[in-house]
Amino acid sequence: MTIPAQQVVVGYDFTASGNAALQRALTLGVRAPFHVLHFVCVVDRHGPLPAVAPHGPVDYAYTERIQAALTETVSQELRAIDVAQTVHFCVHVRIGKPADELLDVARSVGA
């Protein structure tokens, strides 16, 4: 019998609390490999993230840079615990209000 994949949405913003959420999610992903982790970073159009300095306005190009940085962060953490092949994850970057965007991602992935 196969266990259906469970979707887990995790907010991340390159802060200490975001890193704590990332670590907890990876622990869950390692213990239960049938989970798919969805890391969501939400950016305010008028307030870019200090960790990823913009080279202009908060736009699609900026969100692509954030997505690359977050994907690399998650990949590095997985390599550090040597389980990169067993944890499945996706990275989503949105522009808007965090609560609204997190809920939207949760609805769209069936979390």
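Is Glu101 buried or exposed?

1. Glu101 has a relative accessibility of 17% and therefore counts as buried, where buried means under 20% relative accessible area, exposed over 50%, and partly exposed in between, computed with a 1.4 Å probe on protein chains only.

2. This is a predicted model, in which local features need pLDDT of at least 70 and side-chain atom pairs count only at pLDDT 80 or more, while totals for chains, interfaces and linings use all residues. Residues are numbered from 1 along each chain as its sequence is written, and side-chain values use heavy atoms, with hydrogens and water left out.

3. A salt bridge is taken here as a side-chain nitrogen of Lys or Arg within 4 Å of a carboxyl oxygen of Asp or Glu, and by this rule the count is 3 salt bridges. Side chains of opposite charge can pair when their charged atoms come close.

4. Glu101 pairs with Arg94 in a salt bridge with an N to O distance of 3.1 Å, and Arg94, at 22% relative accessibility, counts as partly exposed. Arg94 also meets Asp104 in a salt bridge, at 2.6 Å from N to O. Because Arg94 lies in strand E3 (residues 88-95) and Asp104 in helix H3 (residues 98-109), this pair ties together parts that are 10 residues apart in sequence; helices (H or I, at least four residues) and strands (E, at least two) are DSSP runs numbered from the N terminus. Asp104 is partly exposed, at 32% relative accessibility, and Arg94, Glu101 and Asp104 are linked in a network of salt bridges.

5. A further salt bridge joins the side chains of Arg79 and Glu72, with 2.9 Å from N to O. Both partners count as partly exposed, Arg79 at 49% relative accessibility and Glu72 at 37%.

6. Helix H1 (residues 16-31) has 16 residues and reaches 23 Å from its first C-alpha to its last, which is close to the 22 Å expected at 1.5 Å a residue, the expected span being 1.5 Å times one less than the number of residues.

7. The buried residues of H1 are Gly18, Leu22, Ala25, Leu26 and Gly29. Seen down the helix axis, the buried residues of H1 fall within an arc of 100° and so line one face of the helix, the arc being that of the directions from the axis to the C-beta atoms. The buried residues of H1 pack against strand E1 (6-11), strand E2 (35-43) and helix H2 (60-80), with contact meaning heavy atoms within 4.5 Å. On the face turned away from this buried side, H1 carries the exposed residues Ala16, Ser17, Arg24 and Arg31.
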